Amino acid sequence: MQLENPWRGQVGWITGSSRGLGRVMATELCRLGASVAVHGTRFDSPKSFGEGESMEQVARDIVSDALKLCGPQPSAVGIAVPVWGDVTDEAEVKRMANEIRTRLGKIDILVTNAGGDIGAGGTGVGKGGRPDPDDCVGIPLADIKAVMNRNLLSCILCCREVAPEMQGRRHGRIITIGSIAGTHGRDEGSIYAVAKAAVHEYTRCIALQLRPHNVTVNCVAPGGTVTNRFLVIHKIDESKLIEEGTLDRYGRPREIASVVAFLASDAARFISGQVIRVDGASQCWPA
C-alpha cells in the first residue's frame with residue numbers, strides 16, 4: 001500500500017528563488033511534492049546571472065529538475081508557479097501573497113531567501129551589485145538602505161503578511177535565511193553582516209511570539225556556497241571547490257536546501273527559534 005505523501009497539498013513561498021540558492025530550495029520542495037511559488041523581483045530576474053530568460057521558464061525548469069531528481073516516482077512531484085514583485089514594498093508583498101493564495105491556496109511554508117550584499121544599483125552594477133566601498137563608514141547611504149531593505153525589511157514584511165494566517169490555523173513553517181556573516185565582525189560587507197545579524201534576532205523574536213500558535217520559525221545561516229553570483233563576487237579559493245571528502249570546502253546549494261526542507265517538514269515540528277549554521281564547521285563558537 002502506498003503511503004500518502006505528507007507534502008502533497010503543502011504550499012511554499014520561497015522569496016528570491018529565481019536563481020541561486022532559492023532556486024535549489026524551490027526545486028527540493030517541489031521534488032518532495034509541495035506546491036511552490038517561485039519568486040523574483042522582475043519578470044526577467046533569472047537573466048541577472050544567466051539562469052533563465054523569464055520567471056515562467058524558471059518555474060517550468062524547476063518542475064523538470066524535480067522530476068529528474070525524484071527517480072521512479074514522478075507522480076510525487078509538486079507544481080511550481082511564478083510570481084514577481086518587490087519584497088521591500090508592503091503593498092507588493094500583499095499582492096504577491098494574495099496571488100499565491102488564489103493560485104495555490106493557503107501558504108504553509110515561507111522561506112525568506114531574498115537578500116544579498118546588493119546595493120542601490122542592483123545586480124547589474126559592479127561586482128554582482130556589491131556596494132563599493134562596502135565597509136561601515138564609506139558605503140553610500142543609498143547602498144546602506146538597499147542592503148538593509150533587501151535583507152531585513154523584506155524578511156519582516158513577508159513574515160508579517162503570512163504569520164497571521166498561520167496563527168489562525170495553528171500550523172505553519174517560517175524559515176528565514178541568514179548568513180555566517182552575521183555572527184562576527186567584518187570590515188568588508190559590513191552592512192550586509194549587520195542586516196543578517198538582525199535577521200537572526202528577528203527570527204528569535206517572532207519565534208517566541210508564534211510559539212503559542214504552534215508555528216515554528218527558524219533561520220538557516222549558510223557559509224560560503226557555490227552559486228553563479230558567489231563565483232562572481234568573491235575571490236575564489238580553487239582548492240575549496242571540491243565537493244566531497246572534506247568539510248574544508250565551499251558548500252553546495254543542495255546542502256542548504258536539504259536543511260530548509262527538514263525545517264519545513266513535520267520532523268522539525270518541535271524546533272523553533274534556532275539559527276542553524278550550514279558551513280561545514282567553519283564556525284564553531286555559539287551562534
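Author: Helix 4 (residues 141-169) lies across strand 1 (11-14), strand 4, strand 5 and strand 6 (215-222), and runs at about 170 degrees to strand 4, where angles are taken from 0 to 180 degrees between N-to-C directions of axes fitted to C-alpha atoms, for helices over the stretch in contact. This is a predicted model, in which local features need pLDDT of at least 70 and side-chain atom pairs count only at pLDDT 80 or more, while totals for chains, interfaces and linings use all residues. Residues are numbered from 1 along each chain as its sequence is written, and side-chain values use heavy atoms, with hydrogens and water left out. Helix 5 (residues 190-210) lies across strand 5, strand 6 and strand 7, at about 165 degrees to strand 6; helices (H or I, at least four residues) and strands (E, at least two) are DSSP runs, numbered from the N terminus.

The sheet itself is open, with seven strands in the order 3-2-1-4-5-6-7 and parallel pairing, two strands being paired if DSSP finds at least two bridges between them. Its edges are strand 3 (80-84) and strand 7 (275-278), each of which pairs on one side only, and the twist averages 20 degrees from one strand to the next.

Strand 4 (residues 109-112) is joined to strand 5 in the parallel sense by four bridges, and Ile109 has Arg173 of strand 5 as its bridge partner.

Methods:
Contact means heavy atoms within 4.5 Å.
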